[in-house]
Amino acid sequence: MKEFLEVFRTKWKFLWKTFFFYCYIPSLVCFCFVELCSRKSVVDLFLFLIREPLVFFYNVLIIAATASVCLLFKRRIFVLSVVLLLWTAIGVTDFVLLSFRTTPFTAVDLALIKDALAIANRYLSWIGVVLIILGVFAVLILCVLLFRKAKKMDSVGYKIGIPFCGLLILLCL
């Protein structure tokens, strides 16, 4: 029993440290960036943190739960970057859409993407379209470079990682 507790303690410390540095801190930074875009002010971001700390924590936990998937891969930094990039893209898309209309970005917008592309020239100049295409291209190049250069872990702890990811996802439900 003593050996079991010692193994559990060392594995828990490793998992907590791994989760904290690979998932929670990057998710916190990502959420703060998205909220900063949404609120358009650092002061409003801090007011939101002070007035609604549970909502703030829960939103960070949602991003951290999706980012915890990186614990199941050998290329953790790459997977974490892709997940956080997707969250950032969703947040920036919501910010841009809210500047043109009053409703936020939803799944219906994804279904209407073909119609949106047909009328995009009414909202964006050709320079804006070129900048968006260049930005997407640059992000893709950075992802390829990150995949090639990112450190590859020696092993993946599936016995601990899968239950931990499942627990985080259950906490978010």
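In H4, Ile77, Phe78, Ser81 and Leu85 meet Val139, Cys143, Leu146 and Phe147 of H8. Contact here means heavy atoms within 4.5 Å. The model is predicted, with local features needing pLDDT of at least 70 and side-chain atom pairs pLDDT 80 or more, whereas totals for chains, interfaces and linings use all residues. Residues are numbered from 1 along each chain as its sequence is written, and side-chain values use heavy atoms, without hydrogens or water.

The contact of H4 with H8 divides into 7 nonpolar, 1 polar and no charged residues. Nonpolar covers Ala, Val, Leu, Ile, Met, Phe, Trp, Tyr, Cys and Pro; charged covers Asp, Glu, Lys and Arg; the others, Gly among them, are polar. H4 and H8 pack at about 160°, with axes 9 Å apart. Axes are lines fitted to C-alpha atoms, for helices over the stretch in contact, and angles run from 0 to 180 degrees between N-to-C directions. H4 and H8 are therefore roughly antiparallel (over 145 degrees). H4 passes H8 in a right-handed crossing, the near helix being turned clockwise from the far one by less than a right angle. Helices are DSSP runs (H or I, at least four residues), numbered from the N terminus.

Helix H3 (residues 53–67) packs on helix H4 (residues 76–100) at about 140°, with axes 9 Å apart. H3 passes H4 in a right-handed crossing. Ile62, Ile63, Thr66 and Ala67 of H3 make the contact with Leu80, Val83, Leu84 and Trp87 of H4. Its residues are 7 nonpolar, 1 polar and no charged.

Helix H2 (residues 42–51) and H3 pack at about 105°, with axes 5 Å apart. H2 and H3 are therefore roughly perpendicular (65 to 115 degrees). Leu45, Phe48, Leu49, Ile50 and Arg51 of H2 contact Pro53, Val55, Phe56 and Asn59 of H3. This contact has 7 nonpolar, 1 polar and 1 charged residues.

The largest pocket has a volume of about 1,400 Å³. A pocket is an open set of points on a 1 Å grid where a 1.4 Å probe fits, with protein on both sides within 12 Å along at least five of seven lines; lining residues have an atom within 4 Å of a point. Volume is the space filled by probe spheres set on the points. Of the 32 lining residues, Thr93, Val96, Leu97, Ile113 and Ile132 are the closest to the centre of the largest pocket. H4, H5 (107–111), H6 (113–118), H7 (120–123) and H8 (126–149) each give two or more residues to the lining. The lining has 25 nonpolar, 4 polar and 3 charged residues.

Notes:
Angles under 35 degrees count as roughly parallel, over 145 as roughly antiparallel, 65 to 115 as roughly perpendicular and the rest as oblique.
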